[in-house]
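Student: Can you take me through this one? I'd like to start with the ligand.
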Amino acid sequence: YDAGFSVVVPYENVTPEEAKRIVQDAIFSRDPKGIKHTTFFIGGKDMEKAEAVLKIARDSMFPPFEASTIIDPAGAYTTAAAMIAKVEEALTRSKLGNLKDKRCAIFGTGAIGRVAAILLARLGCDVKIVSPNPDRADGEEYVTKLSSVLQSKYGVTVEGVFAPTPAKKVEVIEKSDVIFCVSVAGVRIISKEMLNEIKLAKVIADVNAVPPLGVEGIKLEDDMREIAPGIFCIGALTIGRLKYKLEREILKEARRNGKGTIYNYNYAFQLARKILKGEISPTKLAVTLSYPSKEKKGS
Ligand SMILES: NC(=O)c1ccc[n+]([C@@H]2O[C@H](COP(=O)([O-])OP(=O)(O)OC[C@H]3O[C@@H](n4cnc5c(N)ncnc54)[C@H](OP(=O)(O)O)[C@@H]3O)[C@@H](O)[C@H]2O)c1
């Protein structure tokens, strides 16, 4: 509703089979003009299931019966897009070079970690996706399989690494320039002892806002604060604020666009870059918080 929608109809546990019925029920009950005022939002928790629902939903539409469709399972697409755009901007602002030339390590293999890996690899970065989970018995096998899934489904080359111990994590960090902490909430991934062992300069971004934070000594509002010699951090709220702006702007754009656009992580990343460059003004963003005027009540 914050983005100006008049009616929101939730459906839970939607399977790809049900998606076709829901989409066609919605689009065939309105004429093509009315469909421009309909937006589908695919959420859920599981990225692969959400992508499967998206495929069916889009295959069920055809011109002129095409509605805007947003996909953002667990908010992961907008979070990953905001995190990477923010790091890219921070590196440039701090005159630390271009993100595309960096070696990146992503600690966390959930939806945020996977999308971050895809976006970074497509930028041209050298990317490692790391499972830091000490409770994972099948670690090596799991990361090898994840790496091949990323290659076969998304066409990106990403090395899978299992690093459940401090020594293994330091080894990965030493070989990276930029580190992304995107593991489960409330779990510390990088301790002070580990930071003390790191010799070369690094940038670390953490999305975990639940104490203990992902990096010992980081603060939620950090924006390239040097928390140890040569270690510059970006905190969860700094990323979170951009993510919220992004989410609202996407919802607003989908509501008024009416061209059947798909709003995925690629769109979110390009939009995050524009927001950071000031190409989308705060005034425009503020509009997303207003409710629709009376004459737009048909939306
Ligand atoms: N700042 C923001 O705006 C924002 C927005 C949304 C979410 N978040 C945060 O983003 C983070 C990632 O979310 P997500 O949905 O992508 O993933 P998630 O499902 O919350 O976490 C999955 C990852 O955590 C790892 N993990 C699980 N238990 C662990 C343990 N005991 N020690 C170390 N690692 C462990 C898993 O490892 P395996 O895969 O190897 O099992 C997996 O890599 C969460 O902290 C969430 O709160 C932040």
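Tutor: A nitrogen atom of the ligand is 3.5 Å from a polar backbone atom of Ala 236; a polar contact is a pair of N or O atoms within 3.5 Å. This is a predicted model, where local features need pLDDT of at least 70 and side-chain atom pairs pLDDT 80 or more, while totals for chains, interfaces and linings use all residues. Residues are numbered from 1 along each chain as its sequence is written, and side-chain values use heavy atoms, with hydrogens and water left out.

Student: What lies 2.8 Å from an oxygen atom of the ligand?
Tutor: A backbone N or O atom of Ser 183. For Ser 131, a polar side-chain atom lies 2.3 Å from a ligand oxygen.

Student: OK, how many residues surround the ligand?
Tutor: 25, with Thr 109, Ser 131, Arg 136, Ser 183 and Val 184 the closest; a residue counts if one of its heavy atoms lies within 4 Å.

Student: Which helix gives the most to that shell?
Tutor: α9, with 3 residues. Both α5 (111-123) and α9 (236-257) supply at least two; helices are DSSP runs (H or I, at least four residues) and strands likewise (E, at least two), numbered from the N terminus.

Student: Switching topic, in what order do the strands of the open sheet come?
Tutor: β1-β2-β10, with parallel pairing; two strands pair if DSSP finds at least two bridges between them. The edge strands, each pairing on one side only, are β1 (39-42) and β10 (262-263).

Student: And which residue of β10 is the bridge partner of Ile 70?
Tutor: Tyr 263. Strand β2 (residues 68-71) is joined to β10 by 2 bridges.

Methods
Polar contact = N/O pair within 3.5 Å; in protein donor to acceptor, adjacent residues only side chain to side chain.
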